[in-house]
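Work through these exercises with the sequence and the 3D structure side by side. Try each task before you read its solution.

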Amino acid sequence: MLLSVFSVSAQDKLTYANPSDVGLDSTYIYHNVDSIMTLGIQNRAFPGAQVLVAKDSKIIFHKAYGFQTYDSVQQVGLNDIYDLASVTKITAALPAIMKLVDEGKLGLDKPFSDYWKPWKHVKNKKDLTLREILAHQAGLQPYIVFLSKVFKKNGEIKKRFVKRKAKRGYTNQAYNGLFIKNRFNRKMYRIANRSKVSAIKKYKYSGLTFLMYPELVKQITGKPFDTYLQETFYKPLGASTMGFLPKTKNFTNSIIPTEVDSLFRKELTRGWVHDENAALLGGISGNAGLFATATDLAKIMQMYMNYGVYDGKRYFSEATVKEFTKIQYPENDNRRGLGFDKPSIGNDTLALKDAYPAPEVSAESFGHSGFTGTFIWADPKEKLVYIFLSNRVNPTRKSRGIYTYNIRSAIQEVFYKAKKE
């Protein structure tokens with residue numbers, strides 16, 4: 001076992017190189033990526049963004065574009081920290097679940113109710129397996145707007161749930177001057193536990209259980225979710241910026257702002273999670289809330305792509321990573337892995353405008369997107385990691401240019417088409 005771990009150690013840690021060092025055309029890459037990013041910024045798909053690509057364990061492209069906001073005051077920097085939104089699912093919730101599956105503490109084909117006890121007596125949920133849930137095949141409700149529970153009909157915040165200053169029982173901070181009742185999570189769980197389940201089992205994306213995973217991880221490991229992740233993954237990986245609540249950590253890095261929130265926070269959101277459900281959990285959740293730089297994201301994706309190994313350390317068994325990153329229910333027209341997103345079925349036959357992500361990615365590839373304008377993807381066959389970070393929700397989530405122009409897939413495609421003849 002030790003031999004298998006350390007035989008790849010010389011190649012598996014990220015270093016820096018030029019595109020030409022891995023057989024790619026630098027001129028082609030820079031010309032095309034610059035053109036696509038300029039198109040995106042000029043058409044207000046996002047005020048700024050950055051792209052990082054690693055191939056053959058070498059970071060061969062990392063470039064920032066534009067500004068943090070449309071006032072063009074502060075340029076995007078390579079070490080800026082981003083709100084990852086749903087990328088949190090595969091970089092926080094999933095590594096914890098994978099580790100517990102690896103250790104035999106969770107079973108993919110056992111009822112989730114064996115571990116989440118409130119479901120034991122819920123008729124429409126007691127038999128749902130963790131595999132079905134992680135593959136979005138369980139028929140669970142996609143999303144519940146829990147923020148509505150903290151507002152009165154007249155639009156005022158309910159003081160029994162939210163305080164302006166921290167006090168006993170109200171230490172979960174959602175934003176400057178917004179402290180959530182510590183036990184509000186129980187209300188969220190109760191509502192989620194009673195939520196509807198579709199009788200027809202087909203692909204239906206749901207983030208509900210990702211709200212519960214931090215509590216489940218704590219129950220199994222005896223450690224707070226964020227502590228467990230730091231000790232087990234982020235610190236050993238050297239991913240120093242990866243974590244929750246960056247505003248509390250005195251980083252010298254700039255934290256990219258997200259949306260101008262007119263409903264809850266009443267100002268430009270910066271340094272606190274954009275996702276409202278994660279905010280109501282005090283910023284620590286499995287569905288959203290994680291922040292990181294592009295280089296730290298590249299490390300965890302490189303580890304996944306190496307099937308569980310990075311810098312000579314094994315984090316998961318190869319079998320576990322391969323199980324989680326393979327398509328689970330293709331016969332049901334469901335492209336998903338276990339937590340991981342996968343290419344559309346028949347993706348290689350589609351035009352770029354119809355494909356997800358780029359048509360050239362291999363069937364073995366996997367990743368996830370985030371609502372704030374983030375996207376990470378790893379392709380073991382091509383040994384390529386792709387990181388795209390933006391704040392497309394600035395100043396408003398109504399901005400759809402990133403989708404209209406298919407920016408993330410178009411840039412990804414450049415690195416597949418850049419091979420030298």
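**Exercise 1.** Which residues gather in a patch of positive charge on the surface?

*Solution.* Start with the rule: patch residues have over 30% relative accessible area and no salt bridge, and like charges are joined within 9 Å. A salt bridge puts a side-chain nitrogen of Lys or Arg within 4 Å of a carboxyl oxygen of Asp or Glu. Lys and Arg count as positive. Now list the members: Arg160, Lys181, Arg183, Arg186, Arg190 and Arg194.

The model is predicted: local features need pLDDT of at least 70, and side-chain atom pairs count only at pLDDT 80 or more, while totals for chains, interfaces and linings use all residues. Residues are numbered from 1 along each chain as its sequence is written, and side-chain values use heavy atoms, without hydrogens and water.

**Exercise 2.** What is the strand order in the open sheet of 3 strands?

*Solution.* Strands pair if DSSP finds at least two bridges between them. The order is S5-S7-S6, with antiparallel pairing. The edge strands, S5 (162-163) and S6 (172-175), each pair on one side only. S6 meets S7 (residues 178-180) over 3 bridges. Asparagine 172 stands opposite isoleucine 180 in S7.

How values were computed: Patch = residues over 30% accessible without salt bridge, like charges linked within 9 Å, V, L, I, M, F, W, Y side chains within 5 Å. Areas by Shrake-Rupley, 256 points an atom, 1.4 Å probe, with all protein chains shown as cover. Charge placed at Lys NZ, Arg CZ, Asp CG, Glu CD. Helix = DSSP H or I, 4+ residues; strand = E, 2+ residues; numbered from the N terminus.
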